[in-house]
Each structure stands twice: as structure tokens, then as C-alpha cells.
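Here is a short note for a colleague meeting this structure for the first time. Please look over the chain before reading the points.

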Amino acid sequence: MWVLTAEEFIMNEFCPCGTNTVMKTSWTNHNPGRRYIACERFKQINGCNYYFVWIDPPICTRARQIIPGLLRRVNRFEEDLNRFEEDLKKKRNRFMFIIKPYLPNHRDAVMFDV
Ligand SMILES: [Zn+2]
């Protein structure tokens, strides 16, 4: 039974190896969104495995099935949004390149660059 919340959890400031500990969130398919505290060097090459503690309780089976799919969708939307913003930026620059000679001065050109 899990009785501690993240706010109640007292984390060790230092790992036994002397390095700081950090709170992170797991995004593996088995533990999506589950927070833990570990040595700052955890999972690094020649890293440290002395300190690792889960903060959140285990993820239920249903959430474990759903969260990775939702995360993939969010990532896909963010990628689409980044592509859209880059495309919009290129089109805006092209528009300004075309229209700039017809503007009386640069200040007016800035007005169009929204
Ligand atoms: Zn350590």
C-alpha cells in the first residue's frame, strides 16, 4: 500500500556516491508518467545505481495501455505544429521579401510582420 505523496516524500539530497539526487519522470511504456528520485548519474555510462526510489505508486494496467498512445499522439501533434510554424515563418519571410519594395519605408514593413 502506497501512503506517501510526492509532497510528503523526503528525498535524500545526496546519493551514497556523493552526487546529488534528482527527481525525474519515467516515460517508459511500463511506467509512463511515474516519478522517481535517483542519483544524478543514474543510467549514464559508468553511472551509478546506488540510489533509486519510486515516488508514485505503480501504474495501473489500463493507464499503462493508454498513456503511451496518448503520449505518441501529443508528440506527433507537437511535431506537426513545429513543421507548421516553420512553414509559416518561411511563407512570412517570402511575403515580406515580395512586398518590401512596395512599402514606403522599413517601419511600414514591420507593421506587416505580425
Ligand atoms: Zn550515485
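The points below go from the overall layout to single residues.

1. **Basis.** This is a predicted model, in which local features need pLDDT of at least 70 and side-chain atom pairs count only at pLDDT 80 or more, while totals for chains, interfaces and linings use all residues. Residues are numbered from 1 along each chain as its sequence is written.

2. **Layout.** The chain has 2 helices and 3 strands. Helices (H or I, at least four residues) and strands (E, at least two) are DSSP runs, numbered from the N terminus. Along the sequence the pattern is β-β-β-α-α.

3. The chain has 114 residues, and 4% of them count as buried. Buried means that 20 or more other C-beta atoms lie within 10 Å of the residue's own; exposed means 12 or fewer, and partly exposed is in between, with C-beta atoms placed from the backbone. Two residues are in contact if their C-beta atoms, placed from the backbone, lie within 7 Å. Among contacts with a separation of 6 or more, 34% link residues 24 or more positions apart.

4. **Strand pairs.** Strands pair if DSSP finds at least two bridges between them. β1 (residues 21–26) and β2 (residues 34–39) run antiparallel and are joined by 6 bridges. In this pair, T21 stands opposite C39 of β2. β2 and β3 (residues 52–54) also run antiparallel, with 3 bridges. Here A38 faces F52 in β3.

5. **C15.** This residue sits in the segment before β1. Is C15 buried or exposed? C15 counts as buried because it has 21 C-beta neighbours inside 10 Å. Leaving aside neighbours within four places in sequence, C15 is in contact with T21, C39, C48, Y50 and Y51. C15 and F52 are 37 residues apart in sequence, and their C-alpha atoms are 8.9 Å apart in space.

6. Most residues other than glycine have a negative phi. K43 is not a glycine, yet its phi is positive, about 65 degrees. N46, also not a glycine, has a positive phi of about 55 degrees. K43 counts as exposed because it has 11 C-beta neighbours inside 10 Å. N46 counts as exposed because it has 5.

7. **Helix α1.** Helix α1 (residues 61–99) has 39 residues. From first C-alpha to last it reaches 57 Å, close to the 57 Å expected at 1.5 Å a residue. The expected span is 1.5 Å times one less than the number of residues. α1 is hardly covered, with 0 buried residues among its 39.

8. **Annotation.** An unreviewed UniProt entry annotates residues 67–94 as "coiled-coil region". UniProt positions follow the numbering used here, feature names are shortened, and annotations may be inferred rather than shown by experiment. In the model, residues 67–94 are 100% helix and 0% strand, and the end C-alpha atoms lie 40 Å apart.
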